[in-house]
Amino acid sequence: MNIAVFASGRGSNLMAIINAIKEGRLNAKVALVISNNSNAGALEIARANGIDALHISRRQFASDEEYIQKLLHELKTRNIELIVLAGYMKKIPPEIVREYQNRILNIHPALLPAFGGPGMYGINVHKAVIDYGVKVTGVTVHIVDEEYDHGPIVMQRVVEVRDDDTPESLAERVLKVEHEIYPQAIELFVEGRVVISGRKVFIKDEN
Ligand code: GAR
């Protein structure tokens with residue numbers, strides 16, 4: 001299965017996906033990486049691994065229409081079947097969400113629906129978690145719909161919040177879990193084991 005990864009930053013989740021493919025834990029091909037940020041580490045990682053890497057930002061286009069057509073063109077010409085958001089800080093245009101309905105995944109560094117929504121990304125999430133005083137946080141992999149951090153949940157894992165955690169120490173432990181479960185969640189799609197029923201996602205047993 002050809003997948004596209006959208007990433008805005010350093011790209012450690014992209015790296016985890018590439019490693020999982022190399023090690024045979026994920027039967028997919030990253031055929032395209034797109035970033036809204038020309039300096040994104042994710043673009044460098046892609047290029048270093050021989051993956052097409054494009055800087056595409058709304059600002060490069062005169063209209064939403066042209067921007068969306070460009071994204072769709074790049075996705076379609078590479079037969080992309082699944083879009084994976086990995087630290088992508090822009091909202092996916094609704095036209096793309098509709099075109100790739102139930103075929104766009106996002107990873108969020110907390111247990112949604114807590115600590116999600118606009119402005120909740122990266123280290124901000126872990127700061128909010130610590131400030132609120134919750135005892136557990138974690139990782140959520142979910143399907144992208146037209147609302148921010150809202151679509152059906154595919155996988156979640158819990159990470160304990162320690163009394164002496166800083167946003168950075170917590171981010172580090174959460175990130176390790178992200179790297180573990182994102183390739184697993186993607187592989188479930190590749191194997192056709194994901195059944196979506198309204199808000200609920202069921203995973204079919206392995207054959
Ligand atoms: C990850 O922690 C990811 O969960 C988070 O951004 C980081 C990207 O790191 N995403 C969000 O906060 C989305 N709301 P990476 O570039 O090293 O993969």
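Predicted model: local features only at pLDDT ≥ 70, side-chain atom pairs only at ≥ 80, totals over all residues.
Residues are numbered from 1 along each chain as its sequence is written, and side-chain values use heavy atoms, without hydrogens or water. Local features need pLDDT of at least 70 and side-chain atom pairs count only at pLDDT 80 or more, whereas totals for chains, interfaces and linings use all residues.

**The ligand site**

The ligand is surrounded by 14 residues, and the closest are R10, G11, S12, N13 and E178; a residue is near a molecule if one of its heavy atoms lies within 4 Å of it. This shell comprises six nonpolar, six polar and two charged residues. Here Ala, Val, Leu, Ile, Met, Phe, Trp, Tyr, Cys and Pro count as nonpolar, Asp, Glu, Lys and Arg as charged, and the others, Gly among them, as polar.

| Residue | Part of the residue | Distance to a ligand oxygen atom |
|---|---|---|
| R10 | side chain | 2.5 Å |
| S12 | side chain | 2.5 Å |
| G122 | backbone | 2.9 Å |

The protein covers 94% of the 450 Å² of accessible area that the ligand has on its own, by the Shrake-Rupley method with a 1.4 Å probe.

Domain 1 (1-100) and domain 2 (106-207) both contribute residues to the shell, so the ligand lies between them. The domain bounds come from an automatic or database assignment. Helix 1 (12-22), strand 5 (104-108) and helix 6 (167-190) each give two or more residues to the shell; helices (H or I, at least four residues) and strands (E, at least two) are DSSP runs, numbered from the N terminus.

**Backbone features**

Most residues other than glycine have a negative phi, and most peptide bonds are trans. The peptide bond from L112 to P113 is cis, with omega near 10 degrees, and P113 belongs to the loop between strand 5 and helix 5 (123-132). N102, in the loop between helix 4 (94-99) and strand 5, has a positive phi near 65 degrees.

Terms used. Polar contact = N/O pair within 3.5 Å; in protein donor to acceptor, adjacent residues only side chain to side chain.
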